[in-house]
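Hi everyone, thanks for coming. I'd like to walk you through one model this morning, so please have a look at the screen.

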Amino acid sequence: MRAQARAIFDAAVARAHPAGCLPAHLPAHPETGRLILLAAGKAAGSMTALAEAHYLDSGFPPERLVGHAVARHGYETKTRHIPMVAAGHPVPDQGSIDSATRALELATSATTDDFVLVLLSGGGSANWVAPAGALALAEKQAVNKALLRSGAPIGEMNIVRKRLSRIKGGRLALAAAPARLLTLAISDVPGDEPTAIASGPTVADPSTMEQARAIVARYGLDLPAAAKTLLDDDASETPKPGHDAFARSAFRIIARPADAIAAAHAAAAEAGYEVHDLGPDLEGEARDVAARHAELAISLKRQGKRAAILSGGEFTVTLRGKGRGGPNQEYALALAIALAGEPGIVALSGDTDGTDGGGGEATDPAGAIVDETTLARAAAVGLDPARSLADNDSTGFFEPLGDLLRTGPTLTNVNDCRVILIEPEL
(Lines give C-alpha, C1' and ligand atoms only; values in the text may rest on other atoms or scores of the structure.)
Protein backbone atom coordinates (compact mmCIF):
# COMPACT_ATOMS: atom_id res chain seq x y z
CA MET A 1 0.00 0.00 0.00
CA ARG A 2 2.88 2.37 0.72
CA ALA A 3 4.34 1.69 -2.73
CA GLN A 4 0.92 2.19 -4.32
CA ALA A 5 0.44 5.53 -2.55
CA ARG A 6 3.83 6.68 -3.82
CA ALA A 7 3.00 5.58 -7.37
CA ILE A 8 -0.21 7.62 -7.29
CA PHE A 9 1.68 10.65 -6.00
CA ASP A 10 4.33 10.23 -8.71
CA ALA A 11 1.62 10.14 -11.37
CA ALA A 12 0.34 13.50 -10.15
CA VAL A 13 3.82 15.04 -10.29
CA ALA A 14 4.57 13.64 -13.74
CA ARG A 15 1.39 15.18 -15.17
CA ALA A 16 2.50 18.64 -14.08
CA HIS A 17 6.09 18.49 -15.36
CA PRO A 18 6.84 21.07 -18.08
CA ALA A 19 8.06 18.37 -20.46
CA GLY A 20 4.48 17.24 -20.93
CA CYS A 21 2.65 20.55 -20.87
CA LEU A 22 4.90 23.39 -22.09
CA PRO A 23 5.93 22.64 -25.71
CA ALA A 24 2.41 22.78 -27.14
CA HIS A 25 1.89 26.27 -25.74
CA LEU A 26 5.13 27.92 -26.91
CA PRO A 27 4.29 30.74 -29.34
CA ALA A 28 5.83 31.36 -32.74
CA HIS A 29 9.02 33.40 -32.56
CA PRO A 30 8.85 37.08 -33.60
CA GLU A 31 9.48 37.80 -37.29
CA THR A 32 11.62 40.77 -36.35
CA GLY A 33 13.14 41.88 -33.09
CA ARG A 34 14.17 39.77 -30.13
CA LEU A 35 12.58 37.00 -28.13
CA ILE A 36 13.11 37.97 -24.50
CA LEU A 37 12.67 34.95 -22.26
CA LEU A 38 12.19 35.63 -18.54
CA ALA A 39 11.59 32.75 -16.12
CA ALA A 40 11.11 32.55 -12.37
CA GLY A 41 9.95 29.92 -9.92
CA LYS A 42 10.60 26.30 -9.01
CA ALA A 43 9.93 25.13 -12.57
CA ALA A 44 11.96 27.92 -14.19
CA GLY A 45 14.93 25.67 -14.99
CA SER A 46 12.98 22.93 -16.72
CA MET A 47 10.75 25.45 -18.51
CA THR A 48 13.70 27.49 -19.75
CA ALA A 49 15.63 24.47 -21.01
CA LEU A 50 12.61 23.25 -22.96
CA ALA A 51 11.79 26.68 -24.40
CA GLU A 52 15.29 27.58 -25.54
CA ALA A 53 15.70 24.15 -27.17
CA HIS A 54 12.38 24.63 -28.97
CA TYR A 55 13.47 27.92 -30.54
CA LEU A 56 17.16 27.22 -31.14
CA ASP A 57 16.49 23.80 -32.67
CA SER A 58 13.97 25.35 -35.07
CA GLY A 59 16.61 27.72 -36.40
CA PHE A 60 15.84 30.88 -34.46
CA PRO A 61 19.02 32.99 -34.41
CA PRO A 62 20.66 32.71 -30.99
CA GLU A 63 21.71 36.36 -31.10
CA ARG A 64 18.01 37.31 -31.08
CA LEU A 65 17.24 35.10 -28.07
CA VAL A 66 18.02 36.84 -24.78
CA GLY A 67 16.77 36.41 -21.26
CA HIS A 68 17.30 35.39 -17.68
CA ALA A 69 16.02 32.53 -15.53
CA VAL A 70 15.97 32.08 -11.76
CA ALA A 71 14.85 29.17 -9.61
CA ARG A 72 15.06 28.17 -5.98
CA HIS A 73 18.49 26.97 -4.84
CA GLY A 74 18.88 23.35 -5.94
CA TYR A 75 16.24 23.68 -8.67
CA GLU A 76 18.55 24.99 -11.39
CA THR A 77 18.76 23.15 -14.70
CA LYS A 78 21.62 23.22 -17.18
CA THR A 79 20.68 25.53 -20.03
CA ARG A 80 22.30 26.03 -23.42
CA HIS A 81 21.89 29.75 -23.95
CA ILE A 82 19.79 31.59 -21.35
CA PRO A 83 21.66 32.39 -18.10
CA MET A 84 20.28 30.35 -15.18
CA VAL A 85 20.83 31.33 -11.55
CA ALA A 86 19.48 30.40 -8.12
CA ALA A 87 17.85 32.49 -5.42
CA GLY A 88 16.33 32.06 -1.97
CA HIS A 89 12.98 30.49 -1.16
CA PRO A 90 10.80 30.92 0.84
CA VAL A 91 12.95 33.77 2.18
CA PRO A 92 14.56 35.82 -0.62
CA ASP A 93 18.28 36.57 -0.81
CA GLN A 94 20.62 38.72 -2.88
CA GLY A 95 20.10 36.39 -5.83
CA SER A 96 16.41 37.34 -5.72
CA ILE A 97 17.32 41.02 -5.90
CA ASP A 98 19.82 40.55 -8.73
CA SER A 99 17.43 38.41 -10.75
CA ALA A 100 14.53 40.81 -10.45
CA THR A 101 16.81 43.68 -11.40
CA ARG A 102 17.96 41.83 -14.51
CA ALA A 103 14.39 40.87 -15.46
CA LEU A 104 13.25 44.48 -15.15
CA GLU A 105 16.24 45.68 -17.19
CA LEU A 106 15.45 43.27 -20.02
CA ALA A 107 11.73 44.08 -19.90
CA THR A 108 12.38 47.81 -19.96
CA SER A 109 14.64 47.36 -23.01
CA ALA A 110 11.84 45.70 -25.01
CA THR A 111 10.57 47.49 -28.11
CA THR A 112 7.39 47.04 -30.13
CA ASP A 113 9.28 44.58 -32.37
CA ASP A 114 10.27 42.35 -29.46
CA PHE A 115 8.29 39.50 -27.91
CA VAL A 116 8.57 38.98 -24.14
CA LEU A 117 7.89 35.40 -23.03
CA VAL A 118 7.50 34.97 -19.28
CA LEU A 119 7.66 31.44 -17.87
CA LEU A 120 6.20 31.53 -14.40
CA SER A 121 5.76 29.02 -11.59
CA GLY A 122 5.27 28.91 -7.85
CA GLY A 123 8.21 30.28 -5.92
CA GLY A 124 8.55 33.22 -8.26
CA SER A 125 7.49 35.62 -5.50
CA ALA A 126 10.65 34.89 -3.54
CA ASN A 127 12.88 34.45 -6.61
CA TRP A 128 12.02 37.87 -8.07
CA VAL A 129 12.33 40.52 -5.38
CA ALA A 130 12.60 44.22 -6.16
CA PRO A 131 11.95 46.16 -2.95
CA ALA A 132 10.12 49.43 -3.46
CA GLY A 133 10.87 52.72 -1.75
CA ALA A 134 13.49 52.58 0.98
CA LEU A 135 12.84 48.91 1.77
CA ALA A 136 16.11 46.97 2.10
CA LEU A 137 16.63 43.25 1.49
CA ALA A 138 16.89 42.47 5.20
CA GLU A 139 13.59 44.27 5.78
CA LYS A 140 11.93 42.41 2.88
CA GLN A 141 13.18 39.16 4.41
CA ALA A 142 11.65 40.18 7.73
CA VAL A 143 8.32 40.83 6.02
CA ASN A 144 8.39 37.39 4.37
CA LYS A 145 9.21 35.69 7.67
CA ALA A 146 6.41 37.53 9.45
CA LEU A 147 3.91 36.50 6.76
CA LEU A 148 5.06 32.88 6.85
CA ARG A 149 4.71 32.73 10.64
CA SER A 150 1.27 34.33 10.60
CA GLY A 151 -0.58 31.38 9.10
CA ALA A 152 -2.06 33.65 6.40
CA PRO A 153 -3.06 31.93 3.12
CA ILE A 154 -0.68 32.51 0.21
CA GLY A 155 -3.20 34.79 -1.53
CA GLU A 156 -3.25 37.16 1.43
CA MET A 157 0.53 37.10 1.69
CA ASN A 158 0.79 38.15 -1.94
CA ILE A 159 -1.65 41.04 -1.52
CA VAL A 160 0.75 42.54 1.01
CA ARG A 161 3.93 41.73 -0.93
CA LYS A 162 2.66 43.38 -4.12
CA ARG A 163 2.59 46.78 -2.43
CA LEU A 164 6.24 46.46 -1.42
CA SER A 165 7.62 45.58 -4.86
CA ARG A 166 8.68 47.07 -8.20
CA ILE A 167 8.03 43.82 -10.11
CA LYS A 168 5.00 42.12 -8.53
CA GLY A 169 1.33 42.96 -9.08
CA GLY A 170 1.58 43.71 -12.81
CA ARG A 171 4.67 45.89 -12.65
CA LEU A 172 6.78 43.62 -14.89
CA ALA A 173 4.16 44.11 -17.61
CA LEU A 174 4.38 47.85 -17.05
CA ALA A 175 8.13 47.65 -17.66
CA ALA A 176 7.73 45.56 -20.84
CA ALA A 177 5.03 47.68 -22.50
CA PRO A 178 4.51 48.32 -25.38
CA ALA A 179 6.15 45.03 -26.42
CA ARG A 180 3.99 41.94 -26.91
CA LEU A 181 4.02 39.78 -23.80
CA LEU A 182 2.86 36.24 -23.14
CA THR A 183 2.99 34.54 -19.75
CA LEU A 184 2.89 30.75 -19.57
CA ALA A 185 2.30 29.70 -16.00
CA ILE A 186 2.22 26.56 -13.90
CA SER A 187 -0.34 27.21 -11.18
CA ASP A 188 0.35 26.40 -7.55
CA VAL A 189 -2.54 28.31 -6.05
CA PRO A 190 -6.13 27.33 -5.17
CA GLY A 191 -8.48 28.46 -7.91
CA ASP A 192 -5.60 29.06 -10.36
CA GLU A 193 -5.92 32.81 -9.86
CA PRO A 194 -3.33 34.48 -12.17
CA THR A 195 -2.83 37.39 -9.79
CA ALA A 196 -1.70 34.97 -7.06
CA ILE A 197 0.81 32.91 -9.07
CA ALA A 198 4.21 34.36 -8.13
CA SER A 199 2.34 37.49 -7.04
CA GLY A 200 1.12 38.19 -10.58
CA PRO A 201 4.02 40.21 -12.07
CA THR A 202 2.43 40.36 -15.54
CA VAL A 203 -1.30 40.69 -14.81
CA ALA A 204 -3.53 43.50 -13.60
CA ASP A 205 -4.15 43.42 -9.87
CA PRO A 206 -7.74 43.86 -8.63
CA SER A 207 -6.80 43.73 -4.94
CA THR A 208 -6.58 46.97 -3.02
CA MET A 209 -4.35 48.81 -0.64
CA GLU A 210 -7.17 48.68 1.92
CA GLN A 211 -7.10 44.89 1.76
CA ALA A 212 -3.35 44.84 2.33
CA ARG A 213 -3.67 47.08 5.37
CA ALA A 214 -6.50 44.94 6.74
CA ILE A 215 -4.38 41.78 6.39
CA VAL A 216 -1.52 43.37 8.30
CA ALA A 217 -3.93 44.38 11.06
CA ARG A 218 -5.74 41.02 11.15
CA TYR A 219 -2.58 39.05 11.76
CA GLY A 220 -0.93 41.66 13.94
CA LEU A 221 2.11 41.81 11.69
CA ASP A 222 5.02 43.83 13.03
CA LEU A 223 6.49 45.25 9.82
CA PRO A 224 9.63 47.35 9.30
CA ALA A 225 9.14 51.10 9.16
CA ALA A 226 9.93 51.24 5.44
CA ALA A 227 7.20 48.66 4.73
CA LYS A 228 4.68 50.59 6.82
CA THR A 229 5.53 53.75 4.88
CA LEU A 230 4.79 52.02 1.57
CA LEU A 231 1.50 50.60 2.84
CA ASP A 232 0.48 54.04 4.11
CA ASP A 233 1.14 55.61 0.69
CA ASP A 234 -1.61 55.24 -1.93
CA ALA A 235 1.06 55.76 -4.61
CA SER A 236 2.19 52.18 -3.88
CA GLU A 237 -1.05 50.88 -5.40
CA THR A 238 -0.78 48.34 -8.22
CA PRO A 239 -1.96 48.77 -11.86
CA LYS A 240 -5.60 47.79 -12.34
CA PRO A 241 -7.58 46.03 -15.10
CA GLY A 242 -7.96 48.25 -18.15
CA HIS A 243 -4.50 49.78 -17.83
CA ASP A 244 -2.81 50.36 -21.20
CA ALA A 245 0.18 48.24 -20.16
CA PHE A 246 -1.91 45.08 -20.56
CA ALA A 247 -3.22 45.86 -24.06
CA ARG A 248 -0.66 43.54 -25.74
CA SER A 249 -0.32 41.08 -22.89
CA ALA A 250 -1.78 37.58 -22.56
CA PHE A 251 -1.71 35.00 -19.77
CA ARG A 252 -2.14 31.23 -20.10
CA ILE A 253 -2.04 28.50 -17.46
CA ILE A 254 -0.45 25.32 -18.84
CA ALA A 255 -0.63 23.06 -15.76
CA ARG A 256 -2.74 23.31 -12.65
CA PRO A 257 -3.39 21.41 -9.42
CA ALA A 258 -6.57 19.94 -10.93
CA ASP A 259 -4.50 18.29 -13.66
CA ALA A 260 -2.26 16.61 -11.10
CA ILE A 261 -5.19 15.38 -9.02
CA ALA A 262 -6.88 14.08 -12.18
CA ALA A 263 -3.75 12.03 -12.92
CA ALA A 264 -3.74 10.72 -9.35
CA HIS A 265 -7.43 9.88 -9.72
CA ALA A 266 -6.75 7.87 -12.88
CA ALA A 267 -3.86 6.00 -11.25
CA ALA A 268 -5.90 5.13 -8.16
CA ALA A 269 -8.87 3.98 -10.24
CA GLU A 270 -6.61 1.84 -12.42
CA ALA A 271 -5.29 0.20 -9.23
CA GLY A 272 -8.85 -0.79 -8.35
CA TYR A 273 -9.69 1.79 -5.69
CA GLU A 274 -13.05 3.52 -5.35
CA VAL A 275 -11.89 7.13 -5.59
CA HIS A 276 -13.19 9.85 -3.29
CA ASP A 277 -11.81 13.01 -4.88
CA LEU A 278 -12.02 15.96 -2.47
CA GLY A 279 -10.73 18.39 -5.09
CA PRO A 280 -7.51 20.25 -5.90
CA ASP A 281 -8.05 23.41 -3.87
CA LEU A 282 -8.37 22.46 -0.21
CA GLU A 283 -7.23 25.04 2.32
CA GLY A 284 -7.21 25.25 6.10
CA GLU A 285 -5.08 24.49 9.14
CA ALA A 286 -3.19 21.25 8.41
CA ARG A 287 -3.97 19.52 11.70
CA ASP A 288 -7.67 20.40 11.58
CA VAL A 289 -8.17 19.07 8.06
CA ALA A 290 -6.25 15.92 8.97
CA ALA A 291 -8.71 15.16 11.75
CA ARG A 292 -11.63 15.41 9.33
CA HIS A 293 -9.89 13.22 6.75
CA ALA A 294 -9.19 10.58 9.40
CA GLU A 295 -12.91 10.46 10.22
CA LEU A 296 -13.75 9.96 6.55
CA ALA A 297 -11.12 7.24 6.12
CA ILE A 298 -12.34 5.31 9.16
CA SER A 299 -15.94 5.67 7.98
CA LEU A 300 -15.11 4.22 4.57
CA LYS A 301 -13.18 1.41 6.25
CA ARG A 302 -16.19 0.57 8.40
CA GLN A 303 -18.30 0.41 5.24
CA GLY A 304 -15.97 -2.20 3.81
CA LYS A 305 -14.76 0.10 1.03
CA ARG A 306 -11.48 -0.38 -0.84
CA ALA A 307 -11.07 3.32 -1.35
CA ALA A 308 -8.66 6.11 -2.14
CA ILE A 309 -9.20 9.60 -0.73
CA LEU A 310 -7.40 12.21 -2.86
CA SER A 311 -6.97 15.92 -2.32
CA GLY A 312 -4.85 18.85 -3.39
CA GLY A 313 -4.51 22.45 -2.29
CA GLU A 314 -2.26 24.06 0.28
CA PHE A 315 -2.69 23.94 4.02
CA THR A 316 -1.36 26.41 6.55
CA VAL A 317 0.49 25.83 9.79
CA THR A 318 0.21 28.31 12.62
CA LEU A 319 3.55 28.08 14.37
CA ARG A 320 3.23 27.39 18.07
CA GLY A 321 6.51 25.58 18.69
CA LYS A 322 10.10 25.63 17.50
CA GLY A 323 10.35 22.33 15.64
CA ARG A 324 10.99 21.51 11.99
CA GLY A 325 8.44 20.59 9.37
CA GLY A 326 5.93 21.79 6.84
CA PRO A 327 2.19 21.59 6.21
CA ASN A 328 2.34 18.15 4.56
CA GLN A 329 4.35 16.62 7.37
CA GLU A 330 2.16 18.27 10.01
CA TYR A 331 -0.94 16.97 8.23
CA ALA A 332 0.55 13.45 8.17
CA LEU A 333 1.44 13.60 11.86
CA ALA A 334 -2.01 14.84 12.88
CA LEU A 335 -3.59 12.20 10.63
CA ALA A 336 -1.56 9.42 12.27
CA ILE A 337 -2.69 10.60 15.69
CA ALA A 338 -6.33 10.72 14.61
CA LEU A 339 -6.18 7.32 12.92
CA ALA A 340 -4.75 5.82 16.13
CA GLY A 341 -3.21 2.82 14.41
CA GLU A 342 -6.34 1.84 12.48
CA PRO A 343 -5.29 -1.17 10.36
CA GLY A 344 -5.58 -1.15 6.58
CA ILE A 345 -5.03 2.59 6.10
CA VAL A 346 -1.93 4.16 4.51
CA ALA A 347 -1.58 7.87 3.81
CA LEU A 348 0.95 9.97 1.93
CA SER A 349 1.03 13.76 1.92
CA GLY A 350 3.58 15.58 -0.21
CA ASP A 351 4.34 18.81 -2.00
CA THR A 352 4.60 18.28 -5.75
CA ASP A 353 7.65 20.56 -5.89
CA GLY A 354 9.65 18.09 -3.77
CA THR A 355 10.11 20.17 -0.63
CA ASP A 356 7.70 20.83 2.23
CA GLY A 357 8.56 23.67 4.56
CA GLY A 358 11.90 23.07 6.23
CA GLY A 359 14.94 25.27 6.08
CA GLY A 360 14.66 26.25 2.44
CA GLU A 361 17.09 23.59 1.23
CA ALA A 362 16.57 21.43 -1.85
CA THR A 363 17.23 18.42 0.38
CA ASP A 364 14.21 19.12 2.59
CA PRO A 365 11.59 16.35 2.55
CA ALA A 366 8.53 16.62 0.32
CA GLY A 367 6.22 15.27 3.02
CA ALA A 368 5.63 12.05 4.93
CA ILE A 369 3.87 8.70 4.81
CA VAL A 370 1.98 6.99 7.65
CA ASP A 371 0.45 3.57 8.22
CA GLU A 372 -1.03 1.46 11.01
CA THR A 373 2.43 0.89 12.55
CA THR A 374 3.47 4.55 12.76
CA LEU A 375 2.47 5.24 16.36
CA ALA A 376 3.77 1.88 17.65
CA ARG A 377 7.13 2.39 15.97
CA ALA A 378 7.30 5.91 17.37
CA ALA A 379 6.62 4.69 20.88
CA ALA A 380 9.37 2.08 20.52
CA VAL A 381 11.97 4.80 19.95
CA GLY A 382 10.60 7.18 22.59
CA LEU A 383 8.72 9.62 20.36
CA ASP A 384 5.58 11.33 21.64
CA PRO A 385 3.40 12.29 18.64
CA ALA A 386 1.27 14.77 20.62
CA ARG A 387 4.36 16.54 21.91
CA SER A 388 5.88 16.63 18.42
CA LEU A 389 2.68 18.13 17.02
CA ALA A 390 2.52 20.74 19.77
CA ASP A 391 6.10 21.76 18.92
CA ASN A 392 5.44 21.77 15.14
CA ASP A 393 8.21 19.16 14.93
CA SER A 394 6.85 16.78 12.31
CA THR A 395 10.25 16.36 10.63
CA GLY A 396 11.77 15.43 13.98
CA PHE A 397 9.02 12.85 14.42
CA PHE A 398 9.16 11.18 11.00
CA GLU A 399 12.91 11.30 10.41
CA PRO A 400 13.87 8.61 12.98
CA LEU A 401 11.08 6.39 11.62
CA GLY A 402 12.33 6.60 8.04
CA ASP A 403 8.89 7.85 6.99
CA LEU A 404 9.82 11.14 5.36
CA LEU A 405 8.91 11.43 1.69
CA ARG A 406 12.10 12.37 -0.16
CA THR A 407 11.73 13.02 -3.88
CA GLY A 408 14.32 15.73 -4.44
CA PRO A 409 13.45 18.75 -6.62
CA THR A 410 10.78 17.74 -9.12
CA LEU A 411 11.24 20.88 -11.27
CA THR A 412 7.52 21.62 -11.22
CA ASN A 413 5.04 22.89 -8.63
CA VAL A 414 1.27 22.43 -8.56
CA ASN A 415 0.76 22.48 -4.82
CA ASP A 416 0.22 19.47 -2.58
CA CYS A 417 -1.11 16.00 -3.29
CA ARG A 418 -2.52 13.80 -0.54
CA VAL A 419 -3.34 10.13 -0.94
CA ILE A 420 -5.16 8.00 1.66
CA LEU A 421 -5.59 4.34 0.73
CA ILE A 422 -8.06 2.11 2.57
CA GLU A 423 -8.19 -1.68 2.44
CA PRO A 424 -11.20 -3.43 4.03
CA GLU A 425 -10.62 -6.15 6.54
CA LEU A 426 -10.72 -9.66 5.10
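Let me start with a term: I'll call a residue buried when its relative accessible area is under 20%, exposed when that area is over 50%, and partly exposed in between, using a 1.4 Å probe and the protein chains only. Before we go on, this is a predicted model, where local features need pLDDT of at least 70 and side-chain atom pairs count only at pLDDT 80 or more, while totals for chains, interfaces and linings use all residues. Residues are numbered from 1 along each chain as its sequence is written, and side-chain values use heavy atoms, with hydrogens and water left out.

Let's begin with H293. Is H293 buried or exposed? H293 is buried, at a relative accessible area of 6%. You'll find H293 in helix α12, residues 286-302. Helices here are DSSP runs of H or I with at least four residues, strands are runs of E with at least two, and both are numbered from the N terminus. What does H293 touch, leaving aside neighbours within four places in sequence? H293 is in contact with L278, L282, I309, S311, Y331, L335 and I420, where contact means heavy atoms within 4.5 Å.

Now the helix itself. With 17 residues, α12 reaches 24 Å from its first C-alpha to its last, close to the 24 Å expected at 1.5 Å a residue; that expected span is 1.5 Å times one less than the number of residues. Which residues of α12 are buried? They are A286, R287, V289, A290, H293, A294, A297, L300 and K301. These cover an arc of only 145 degrees around the axis, so they sit on the same side of α12. The arc is taken from the directions from the helix axis to the C-beta atoms. As a reminder, an α-helix has 3.6 residues a turn, so residues three or four places apart point the same way.

And what do the buried residues of α12 pack against? Their partners are the strands β7 (274-277), β8 (307-313), β9 (345-351) and β12 (416-422), along with the helices α13 (327-339) and α15 (385-390). On the face turned away from the buried side, α12 carries the exposed residues E295 and R302. After α12 comes G304, with a positive phi near 75 degrees.

Next, V317, which lies in the loop between β8 and α13. V317 is buried, with a relative accessible area of 14%. Not counting residues up to four places away in sequence, V317 touches G151, E285, A286, G326, P327, E330 and N392. A286, then, is a partner of V317 and also one of the buried residues of α12.

A few backbone details are worth a look too. The peptide bond from H89 to P90 is cis, with omega near 5 degrees, and P90 is in the loop between β3 (84-87) and α4 (94-109). Another cis peptide bond joins A177 and P178, with omega about 15 degrees; P178 lies in the loop between α8 (171-176) and β5 (180-186).

Then there is D192, which has a positive phi of about 55 degrees although it is not a glycine. D192 lies in the loop between β5 and α9 (209-218), and D192 is buried, with a relative accessible area of 14%. L411, also not a glycine, has a positive phi near 65 degrees, and its place is in the loop between β11 (404-405) and β12.
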